[in-house]
Each structure stands twice: as structure tokens, then as C-alpha cells.
There are 2 protein chains.
Amino acid sequence: MSFELTILGSGSATPTPERYPSAQFLVFADHYILIDCGEGTQVQMMRYGVKSFRMDMVFISHLHPDHFLGLPGLISSLSLKGRTEPLDIYCPKGLQEILDVQFLFGEVHLSYELRFHIFKDSSENIEFEDKNLSVLSFELSHRLACRGFVFKEKKTPRKIKKERTDASKLPPEAYSVLRNGKDYIDTEGKTWHSEDYTIPNDTPFSYAYITDTLYMPQLANRFADIEINTLYHEATFMNDLKEKAINTFHSTAVEAAEFANISGANRLLIGHFSSRYKDLEPMLQEARDVFPNTFLAVDGARFE
Amino acid sequence: MSFELTILGSGSATPTPERYPSAQFLVFADHYILIDCGEGTQVQMMRYGVKSFRMDMVFISHLHPDHFLGLPGLISSLSLKGRTEPLDIYCPKGLQEILDVQFLFGEVHLSYELRFHIFKDSSENIEFEDKNLSVLSFELSHRLACRGFVFKEKKTPRKIKKERTDASKLPPEAYSVLRNGKDYIDTEGKTWHSEDYTIPNDTPFSYAYITDTLYMPQLANRFADIEINTLYHEATFMNDLKEKAINTFHSTAVEAAEFANISGANRLLIGHFSSRYKDLEPMLQEARDVFPNTFLAVDGARFE
């Protein structure tokens, strides 16, 4: 299955014209997912050619302004364009109240339904599950209640081997049995072995999104069990401001890289950069010294 | 006194990367005034070099999302930068409730005070007055309660004529009398005529902001009494969509120009353009055919 991630905002609390606040758009496992929605996200979606109209799920990590202020405008604009499909919003308690009061005083009547799914307080939760995708959420360590997410493909059925020309002789009902890794015995008692007729499909892919948190090595350990492919981890500061990172409940680029190492991720994306850093190359270098396969998740970057 | 107006957003309900939603920054009569604050205003302020930190007044016309969604982020960012001066916000009922619930759930504690001044329901009100500036508000005709504004310099005292060398013989207490246009009689009974010793100062300047409304010729008539110099009037549609303008409680470029003619304004700025218009020249031409001194209030434009 395809994985396409577009970075819509890579800034932190104070946005700049070059770095909008946090927002990412993920096309994955038959879903169109918005992760956080800082101010200006709807314009960033246009700027970077994202299909906002197909969006079916929104995940909001926490209620600091730089992570959700773009949502009321985006929701209103989709309504003006005549959206009818419901939109599922996974969020902390409070977001619905915030939207309700705006739409009340603005007399905004949406053309579609918002379905709110409020995060529970536990350290780890399954937020969503269907035949293609599961989404887990994890408690992070920030000033305000904040959660990270893992988007994970479901294990996909095995594929029929193309080189087995006698596969055409398989009874129709055998296919799903063999693709699920089981042997099939036909009405004449003949056994068709799954191993002979099928090969494994692609390994299920997973993407983890970790923003606004102190460095949490214990969570990185937990992620090692989940098998993370691509990891996004906030890197608000460089290593010389580690003290400041701790005081503001944020992480450094080096800590993000250490998290990637412990979790066994294949690839690390860093973002949520403090506006003090004009040139991000030194920060990238700090992270790459610890975890070489690191990339900058700057505005407009696309990862596949 | 100087007048400097920066257009931060010229779009309507649906913003685009070229046209942000409504926002203008006015430096005038010793005040730094933000008029409406659509989503993304804080970034537009940086983009166009506006001194957001000196802002002392905000006027919000109405609570449709494209006119206020940028305010929570801007207010939060000013707090992160350590602002201590209070900020006066002139707005419809509801805005304070909207901000309160966001700051409550986001645990945002501002470093400065917000002072809310809620609009009354009357057709015309004085919202603010000091020695340099008065601000009037007017009821417009939109789907939602919406107000327009006139920012007017106070009448400034006359100036002493430089060529009257005998002005140095004037008793000190005569100056303010003569500058206020009255004659002064000194202790010896001599009359000093104001006309002889003073000339008029610059005519007080005024700026009117009219957004989101049906065409209101009766208001244009009222404006003729006030003497408007520069008029901003929304022009969401061109003339062929006059029907649509009426149905959505908006105006056309021709109506904006007619408003300018009736009000006797010197200069017309049009904005709040529907996103359907990529090229605005035909719209400008339509307005100029009725009122020649018309200009497009596009993002980043500056008027002095």
C-alpha cells in the first residue's frame, strides 16, 4: 500500500512565513488523514496540492494554539464547498466545546457531520481500527495533556504466485484460504499447500508521530515492539539548549535521534523547529551524527 | 498626521495562498489599529513588515470565520513575546466567549490584559474617542450582525503664520486662543485677529471601512456628512453576479463605486474578492467606470 506524507507546517509556537505551525497530511491505508492543524493549514493544503476534500480523519495531539487553530477555518471552508461526508475528529476533551461556541456565535451551520472521538486518559489506546489501518495513541510528557500516534497498516493477505500456472486449476473457494496462509483440501481430498501457491505480501508499514514532549526513552522501547518504519519526532531545539527543552517540555534533535535508535525506526523526520533557527542544516547534522537516516520535515516536504 | 494602511488579506470566505481573509493594519492618529483578523494574519504581518507589537486597538466587524479566526493565534504569540500593554478589542458579543474557552482548554495564560468593548445594537455609535482620534461604528446589512467603521482624526488647531514677525510680541496666553480660531484682546484692549496670525492646519483625515454588506446608499448619504477621505468597500462580486451578491448579502464592485460617489470620498479601495476571480483587472475597470479613483486592496498593498 502507498504511504504519502506532506508536511504542511514545521514551526513551533511562533509561526513565520517560512514555517507554519504543526500540520501534516497522510495518505495511507485507504485513508486521508490530517495530523494536527495549526493556523493557516487550509491555505498550506492549497499551496502544496493536498486533497483536503477527501480527508476522512483528523487527529489533534493537544490544545496548544499552534496545533489546532487552523481547524475551524478548514471545517467551515469544506462546508462552503458542500461536503456531505462525515468527518471523524480524534482529539482531547475541549475541542468540541471550542468549535461549538465559534459556530454558535458565527451562526455557522455545517453541511456535514463532525464526529468527535475524545481521547481517554490511559498511557496507550487503540483509537481506530478497520481492515486496512489501526491507529494507536500514546500519552506524551508535555505541559498540557498531549498524545502521539502510530498509524499502522493491517497485515495484508499473501499473494498468489504468478509462476504457478496450475494455480488456474485451483477451486475458486481455495484462493482466500491459501492467501490467509492455510492449506486447502479439495473435494477429492487433494491438499493444496499455501506455501507452494502464495508469497508474502509487503510488510505492513507504520508511521509514528511524536510532537511536543520531553524525551521519552521508555516510549521508544515500547515502539521497538510495534516496528516503526518512519518516525516523526519533534526537535524544537539544538543540543546546546537542552536545558531550555526540559524547562519547556520539548526535545532536542539529538534526543529525537536517540529515540529513533532505540525504537529501531528505519527513517527519522524532525520538525517543530523553534523560530530562532534560520538555517536548519546544523540541527540536521546533530541528529545525523546519532541517527544517519534523518530528514528535515520542512513545509512542503513530501515523504513516500 | 500620517495615514498608513497595509492590506493583510483581500480574500472572502475561502482563502487562497494569494488572498488571505480580511485583515488590515492602520497606523493613524497616534494609534496602531488592526481591522478584522482573518486566519493567518500574524504571518501576513511578518510577511509585510507590520509592527504588530505596537498594536493597541483591534476592531472586529463580525463573527464570520474569515474575519476573526487569526485573533487567538496573534494574541497568544504577543503573549509569548512578553507583551505587557493591555489590548483594546472592539467586537460583537461572543468573541470574548470564543477566546475564553480556547485559552481555558489550552491552559493559555496571557502576559497582558485584553479589554473587550462590546458593540451596542444601535445604527450608529461612537466606539472610541481621544484627543487625536474618534472611531464611529455603523450597522451594516449582512446575514450576521456586522458593523463598519469610520476612523477620523480630530480637528487640529490652526498654525501660527511664520511670516508674521510681530507674532513674537503676542502675549503667551494668546497663542491657544488664536490657534482655536478666536480673536484675542490683550490687557491694553488691543485686538489680535486669529485670521491675521494663523492659517488652517491640515484638514482632518478620515478612513471608512465597510465590509460584508448589501449595498447601502442611505449609509453613503450619511457618510457625505462625515467627509470621508479614503473609503474601503467590499466588492465580493462583479456586476454580472449582482443577483448572487444580493442573495449572499454582499456587494459588487459597481455598487462599491456608487457608494464612493454618493459619499463624496476622494479615494476608493475595493477588496474581499471572491476566490473565483483570478484576474482582478476587469473588476477594477468596472469600478473605475463609475468612480475613477479606485484601487485594488490586494494582499501587501500599502496606501498612504
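Tutor: Gladly; here are some questions and answers about this predicted model.

Student: What makes the sheet of 7 strands in chain B an open one, and which strands stand at the edges?

Tutor: The strand order is 7-8-9-14-15-16-17. Strand 7 (124-129) and strand 17 (294-296) of chain B each have a single partner strand, so one side of each is left without a neighbour in the sheet. On average, neighbouring strands are turned by 20° against each other, direction ignored.

Student: How do you know that strand 15 and strand 16 of chain B pair?

Tutor: Pairing takes at least two bridges between two strands. Strand 15 (residues 230-234) and strand 16 (residues 267-271) of chain B have 5 bridges, in the parallel sense, so they count as paired. As for bridge partners, B:L231 has B:L268 in strand 16 of chain B.

Student: Which helices lie against these strands?

Tutor: Helix 8 of chain B packs on the sheet and touches strand 15, strand 16 and strand 17 of chain B, with its direction at about 150° to that of strand 15. Helix 9 (residues 281-290) of chain B lies across strand 16 and strand 17 of chain B, at about 165° to strand 17.

Student: What angle do helix 6 and helix 8 of chain B make, and which residues form their contact?

Tutor: Helix 6 (residues 217-226) and helix 8 (residues 253-263) of chain B pack at about 35°, with their axes 7 Å apart. Helix 6 of chain B brings B:P217, B:A220, B:N221, B:F223 and B:A224, while helix 8 of chain B brings B:F259, B:I262 and B:S263. By class, that contact has 6 nonpolar, 2 polar and no charged residues.

Student: What makes a group of residues a nonpolar core?

Tutor: The members must be buried and joined through C-beta atoms within 7 Å. The largest such core here has 76 residues, and A:A256 is among those with the most contacts inside it. Helix 8 (residues 253-263) of chain A gives the largest share, 6 residues. A second, separate core of 75 residues includes B:F59 and B:F273.

Student: How many residues does each chain bring to the contact between chain A and chain B?

Tutor: Chain A gives 31 residues and chain B gives 31 residues. On the side of chain A, there are 15 nonpolar, 12 polar and 4 charged residues.

Note on methods:
Residues numbered from 1 in each chain as written. Chains lettered and ligands numbered in written order. Predicted model: local features only at pLDDT ≥ 70, side-chain atom pairs only at ≥ 80, totals over all residues. Axes fitted to C-alpha atoms, helices over the stretch in contact; angles between N-to-C directions. Helix = DSSP H or I, 4+ residues; strand = E, 2+ residues; numbered from the N terminus. Contact = placed C-beta atoms within 7 Å. Nonpolar A, V, L, I, M, F, W, Y, C, P; charged D, E, K, R; others polar. Buried ≥ 20, exposed ≤ 12 C-beta atoms within 10 Å, placed from the backbone.
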